[in-house]
Amino acid sequence: MSQRGITMNSTLKEVYETPIGHDILARILLQLGIPEKVLRNPASAGIKLSVLAKLAKKVLSEQFWQTFLRLVNREQDAPASLYTPMHEAWWKEAVFYQIYPRSFCDSDQDGTGDLRGIIAKLDYLKDLGVDAVWLSPIYDSPLDDNGYDIRDYHKILPQFGTMEDFDELLEGIHARGMKLIMDLVVNHTSDEHEWFQQALKDPSSKYRNYYFFENDEEGEYPNNWTSNFSGPAWNHYEDEKLYALHLFSTKQMDLNWENPDVREDVIAMIRWWLEKGVDGFRMDVINYISKEEGLPDGDPFVGNLMGYTGIEHYYYGPHLHEYLKEIREKAFDAYGAFSIGETPGLGIQMARLVTGEERKELDMIFSFDHLETPGHVRFEDYRYDLNAFRDNMDTWMTQYGNNCWPTVFYNNHDNPRMVSKIDPEGKYSESLAILLAVIQMTLRGTPFIYQGDEMGLVNVPFRSMEDITDVESVNKYEELLADHEPAEAFRIILAGTRDHARVLLPWNDNAPEWAGQNVNEAVTSAYKELISLRHQHRALVYGHYEVLDRSRNRYVYRRYDDHESFIIDCNLSDQPVRAYTDLSGYTLIRPHRYTELNVLQPYEVRIWYKK
Ligand code: NOJ
């Protein structure tokens, strides 16, 4: 049916057939632990929204339904067919490696990683098999959020080095046949950026309209939105009698993308870097750049579901497609540059609309739904369930479409290490790291390795809040103290803190000893071997994907084309399972040794090959 005209008289089935309705319902069901297939059952699929509204009157307000209908009806487009021809691209074949510069390699022993440290490790990256590097922000910044608060987009943070160091780094990367993508943080700037400084001080400045300022007349926050880093999403400037919006820390001020001058300045800045020769950008929270006009209050139910009040008014905003197309057309396309969006909260149908290649918005996105078991949140001490991971991957492998291309990753600078989420005691860290690596290098989708994955790194045994520096964790801890004992609050922080992924890598002489991080050579050599396998076999990149067994604790799939075929047999549990046996004509290429042919040991994974 057409995406227009969903009303309270429409049925769940009709809503589910619209891209946004699909993603919202899928998310709600997932969080409630209800299988999506209930929507294929005629009895439940036929329920009208008005009936549901009556049933859920206590949790879902009228305002919720208004916002819901607006979101669902706003999207006029439908994703292309799943079966359009697939096109090749360098970034589909590449293996990416994310560097978090502060903790990667410290060349001058001042306690912080730097550009010369990265230059010193380029041969290591090449040897590992890396094709492209994503560099987290290296721009000038007061470091309230470790550089995701940019003060000057055209300057390198002195702690990291100089522009000459950067030029040498870029040259070194290109000389080795690799590519470099930078972090583009343009949903917000630092409050120390000169645009914000001028805007705040001078009411007649053109920069006033670069941000979201509201007059403080009533002495109340302009709306009920909460920041992603705790507390209200508004700073109060008493002297100026103003409020200003920040979806992240109190020093990360949201830019007003409605203003064409903002877009023009951002586009000019992107072109400046592309002119230098960088190959593309990872775009920070790029789906947040378009906010609902009037910045209306957020719905408490949605706030609870998604973690932040107000998010429904900016995570898939009214002009998102327009702005993405504009950046692409005016900056990226002229340089053949690559783009990947960081897009928290987007479901698969929304993702199909922002990455469908014919639509010319983004090349790829990072979806985060697989980073926690549904029903759980990052700041929670629980065991991650690989069964849910398998189901999520299977959906993206089969439902995303040939005109879109997935990413496959487990870690980044915003998350504890995946191996520790699955196995907190660390009994199976090595087998798990290798299992994850095999899946990452053999699924359809571009692998993004986060620094340290290839070393088999696990979570860090932080001793107290004194070891934790991340703004998100520090704010959250303060917030938790309102109704938790300090020890309990620390335990919660320990479960989810981003600092697990941010301590100096173990190859630095000055890495903190208490962090207990060690390089696991077996994991590193597995990564090398697997990356090289992916590079040698097109079937692992462009080949078909077919799932052979997805029963509990099992993930067996085939990747194949006209010339060759791989069967990947995974044990997703810490118990032995019977191995997959329908393998006539296949030879085992990994592991090189096994205990029992018919049994997979805990987290064991096998790769079988047939020509
Ligand atoms: C996402 C980044 O990955 C994260 O590190 C940062 O804190 C927020 N965006 C705000 O820029």
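Q: A salt bridge is a side-chain nitrogen of Lys or Arg within 4 Å of a carboxyl oxygen of Asp or Glu; how many does the structure hold?

A: The structure holds 47 salt bridges. Keep in mind that this is a predicted model, where local features need pLDDT of at least 70 and side-chain atom pairs count only at pLDDT 80 or more, while totals for chains, interfaces and linings use all residues. Residues are numbered from 1 along each chain as its sequence is written, and side-chain values use heavy atoms, with hydrogens and water left out.

Q: Which side chain meets that of Glu192 in a salt bridge?

A: That of Arg151, with an N to O distance of 2.8 Å. Helices (DSSP H or I, at least four residues) and strands (E, at least two) are numbered from the N terminus. Here, the pair links distant parts of the chain, 41 residues apart: Glu192 is in the loop between β6 (188-190) and α11 (194-201), and Arg151 in the loop between β3 (139-140) and β4 (152-156).

Q: Which of the 14 residues around the ligand come nearest?

A: A residue counts as near if one of its heavy atoms lies within 4 Å of the molecule. Asp145, His188, Asp284, His413 and Asp414 come nearest.

Q: Where is Pro591, and what is omega at the bond joining Arg590 to Pro591?

A: Pro591 lies in the loop between β20 (587-590) and β21 (599-600). The peptide bond from Arg590 to Pro591 is cis, with omega about -5°.

Q: What is phi of Gln109?

A: Phi of Gln109 is near 55°, a positive value in a residue other than glycine. You will find Gln109 in the loop between α7 (101-104) and α8 (115-120).
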